Amino acid sequence: MNRIFILSIALISCLFLQAQKDAPGSQDHPSVSRFKGSFIMSYAQKRFDVYRLALGPVTKYPYDAPEKYREISGTQTLIIYRNPKESSAFEVMVNYETALKQAGFEALYNCQGSECGKMHTFLLKALPNALVGSWDKNQRYQSFIGKGETGEIFIALYTAETSDGPYTILHITETTEMETGQVSARQLGEDIDGKGKAVLYSLYFETGKANLLPTAEPALAAIADLLRERPLLACYVVGHTDNTGTFATNLELSQRRAEAVTQALISKYGISAARLIPKGVSSLAPVTTNDTETGRSLNRRVELVKQ
């Protein structure tokens with residue numbers, strides 16, 4: 001996809017003036033440039049996560065989600081810009097909207113003023129210390145969908161005004177498949193040291209069964225390497241499912257899957273049974289909603305939890 005340039009309608013120029021320095025480590029997204037004269041206040045990016053794209057107002061306290069939304073997984077980029085003081089939220093939004101539509105993006109939802117509800121509160125949940133506070137004067141919001149080089153691109157675009165001028169929240173989701181099969185003993189160890197557990201999505205099973213597939217071998221080998229490198233480490237092997245089907249059925253399935261992983265480590269890799277305790281917890285500990293296929297796929301997992 002060609003880079004989208006956001007230009008002043010009155011002054012068609014490719015020169016983007018920066019009144020102040022951008023936040024350290026920040027940068028414009030490769031697909032969408034900044035409004036002329038803006039600078040980056042805050043920046044965050046995640047290689048793979050789930051995002052709720054607002055397709056309706058945010059009115060229900062505690063503003064965890066809009067009334068209507070679409071859940072999307074992929075690379076997440078959140079950029080907050082301070083726009084020039086002499087510009088307006090309307091001018092900024094029109095520039096972005098014009099450029100995005102010219103680039104082939106389709107508008108999914110838009111709102112302005114009170115009809116958006118607490119949209120800014122929802123958008124800034126990922127950055128609780130963001131500099132924009134609770135300002136939502138003359139707020140405007142639009143969400144878009146377009147085509148990228150490797151998949152779809154979803155954009156949440158919000159702008160509002162303060163006494164220091166407008167600011168813009170730009171959230172971009174690039175749909176990607178989560179990288180799997182690249183589990184290493186080092187990464188597993190770092191996760192256990194930092195979080196007390198390591199989450200594995202690449203321990204593949206037959207659908208609805210506890211039979212490990214051949215594609216699970218790289219992850220099993222990485223677990224075995226970790227346990228050999230750390231002879232004093234003992235773990236719970238915890239099976240998780242989504243909520244499809246009955247709780248009892250999922251509890252049994254999660255237990256059998258945890259036992260299958262444990263048995264494979266013992267029989268194929270020579271790990272002592274005394275160091276592994278299999279436990280199945282069904283759908284009791286989801287990492288996200290089970291209301292979408294993306295969410296359900298993230299909830300189906302095995303975790304190594306340090307004893």
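A nonpolar core is taken here as a set of buried Ala, Val, Leu, Ile, Met, Phe, Trp, Tyr and Cys residues joined through side-chain atoms within 4.5 Å. In the predicted model, the largest core defined in this way comprises 28 residues, of which Leu203, Ile223, Leu265 and Leu304 touch the most other members. Two or more residues are contributed to this core by each of helix H3 (185-195), strand E7 (197-200), helix H4 (217-229), strand E8 (235-240), helix H5 and strand E10 (301-306), and the largest share, seven residues, is supplied by H4. The surroundings of Leu203 illustrate the packing: when neighbours within four places in sequence are set aside, Leu203 is in contact with Leu212, Ala216, Ala219, Leu220, Ile223, Val261 and Val302. Apart from this core lies another, made up of 26 residues, among them Ala54, Leu55, Phe122 and Tyr158. In soluble globular proteins, nonpolar side chains tend to be buried together.

At the level of the whole protein chain, six helices and ten strands are assigned, and buried residues make up 47% of the 307 residues. Among the contacts with a sequence separation of 6 or more, 68% are accounted for by residues 24 or more positions apart.

Leu251 is placed in helix H5, which spans residues 247-269, and counts as partly exposed because its relative accessibility is 32%, a value between the limits of 20% for buried and 50% for exposed residues.

The side chain of His29 makes a polar contact with the side chain of Glu174, at 3.0 Å. Arg47, by contrast, lies within strand E1 and is exposed, because its relative accessible area is 66%, where exposed means over 50%. Although Arg47 and Thr75 are 28 residues apart in sequence, their C-alpha atoms are 4.7 Å apart in space.

How values were computed
Residues numbered from 1 in each chain as written. Predicted model: local features only at pLDDT ≥ 70, side-chain atom pairs only at ≥ 80, totals over all residues. Heavy atoms only, no water. Helix = DSSP H or I, 4+ residues; strand = E, 2+ residues; numbered from the N terminus. Buried < 20%, exposed > 50% of the residue type's maximum accessible area, 1.4 Å probe, protein only. Contact = heavy atoms within 4.5 Å. Polar contact = N/O pair within 3.5 Å; in protein donor to acceptor, adjacent residues only side chain to side chain.
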